[in-house]
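Q: Can we go through this one together? I'd like to start with the overall picture and then pick at details.

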Amino acid sequence: MEKLNKKDHWEKIYQTKNFKEVSWFQEKPETSLAFLTKLKVPLDAKIIDCGGGDSYFVDNLLSLGYREITILDISEKAISKAKQRLGDQANKVKWVVADVTAFQPEEKYDFWHDRAVFHFLSPEEVGSYLSNVQANLNPNGYLVVGTFSQNGPNKCSGIQVQQYSENRLSDVIGKYLEKLFCLTVDHLTPSKSVQNFVFCSFQKQMSNSVPISFQNLLQ
C-alpha cells in the first residue's frame, strides 16, 4: 500500500471543503478555553496551537487578549484561510507551516494545545512528539491534548486514528509530563453527528512545584 502523503492529503481537504463543513469545526472551542481559564494562563504566556490551521481557537485567543500566539499546521492552505479571515489581526500571530512530527521550535512555550492532532500520530511518532513537547515547554508549562475517545470515531478524513481512553492517554503522556486532569466531552459536528473526545491536561513539573487539582472544569 502506498504511504499516505500527509501534507498533500490535508492540502486537498482544505482546498475542497469549507471549514464550517468539516467535522472538527467549532466556532467557540469551549473546552480548550476552559482549560486556559482553570489553569490561569496569563495573557503574556507563549501559546502554541498544533494543528490549529483554520480553527477559531486563535480568534478566541486574540479576543481574550493573548499576545504570544503561534499557530502550526501542516497545511499552508489552512493557514492562508485563517490569515484571510483574521485580516490585520493575523499580524499579531506567528504562523508555522510544518508537520508536527518534524517541527523544531525556535522558542519555548507555556501552553501547548493539541486538539485532534495527537490521535493521528502512529505509535512510532508519539514518542518523538512528546519528547519534543517536553523539551520545548517552559518550567511549569502545560500541555492540553484532545483526542477521540474509545467511544469516538476510528477514522477521520479518510485516515485511521488512534482512540484513547483517559487511562491510556495518561499512561502514554505521563511518562513525559505530570497528569493534572482529564474529562470526556461530546462534540456535535456540523452534520449533527456526535463525536466523543477525551481531553487531558499535563504539566512540566519542577522539583518545587505543586500539582494542580481541578473539579468541575466546565462549570
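A: One term first: a residue counts as buried when its relative accessible area is under 20%. Note also that this is a predicted model.

Q: What about contacts between residues at least 6 apart in sequence: what percentage join residues at least 24 apart?
A: That figure is 69% for the protein chain.

Q: Switching to cysteines. How many disulfides does the structure hold?
A: There is one. It joins Cys-182 to Cys-200, with an S to S distance of 1.9 Å.

Q: Where do those two sit in the chain?
A: Cys-182 lies in strand β8 (residues 178–188) and Cys-200 in strand β9 (residues 194–203). They are 18 residues apart, so the pair counts as a link between distant parts of the chain.

Q: Left-handed or right-handed?
A: The disulfide is right-handed, because the torsion about the S-S bond of Cys-182 and Cys-200 is about 110°.

Q: Are Cys-182 and Cys-200 buried or exposed?
A: Both Cys-182 and Cys-200 are buried.

Q: And Cys-50, buried or exposed?
A: Cys-50 is buried, because its relative accessible area is 1%, and the cut-off is under 20%.

Q: Now helices. How do the axes of α2 and α3 cross?
A: Helix α2 (residues 30–38) and helix α3 (residues 57–64) have axes that come within 10 Å and cross at roughly 35°. The crossing of α2 past α3 is right-handed.

Q: Which residues make the contact?
A: From α2, Ser-32, Leu-33 and Leu-36; from α3, Phe-57, Asn-60, Leu-61 and Leu-64. By class, five residues in this contact are nonpolar, two are polar and none is charged.

Q: Last one: where is Asn-136?
A: Asn-136 is in the loop between α5 (123–135) and β5 (137–148). Its relative accessibility is 11%, so Asn-136 counts as buried.

Q: What does Asn-136 touch, leaving out residues up to four places away in sequence?
A: Asn-136 touches Pro-105, Glu-107, Lys-108, Tyr-109 and Trp-112. As for Asp-110, its C-alpha is 8.9 Å from that of Asn-136, and the two are 26 residues apart in sequence.

Terms used:
Residues numbered from 1 in each chain as written. Predicted model: local features only at pLDDT ≥ 70, side-chain atom pairs only at ≥ 80, totals over all residues. Heavy atoms only, no water. Axes fitted to C-alpha atoms, helices over the stretch in contact; angles between N-to-C directions. Helix = DSSP H or I, 4+ residues; strand = E, 2+ residues; numbered from the N terminus. Left-handed = near helix turned anticlockwise from the far one by under 90°. Contact = heavy atoms within 4.5 Å. Nonpolar A, V, L, I, M, F, W, Y, C, P; charged D, E, K, R; others polar. Disulfide = S-S within 2.5 Å. Buried < 20%, exposed > 50% of the residue type's maximum accessible area, 1.4 Å probe, protein only.
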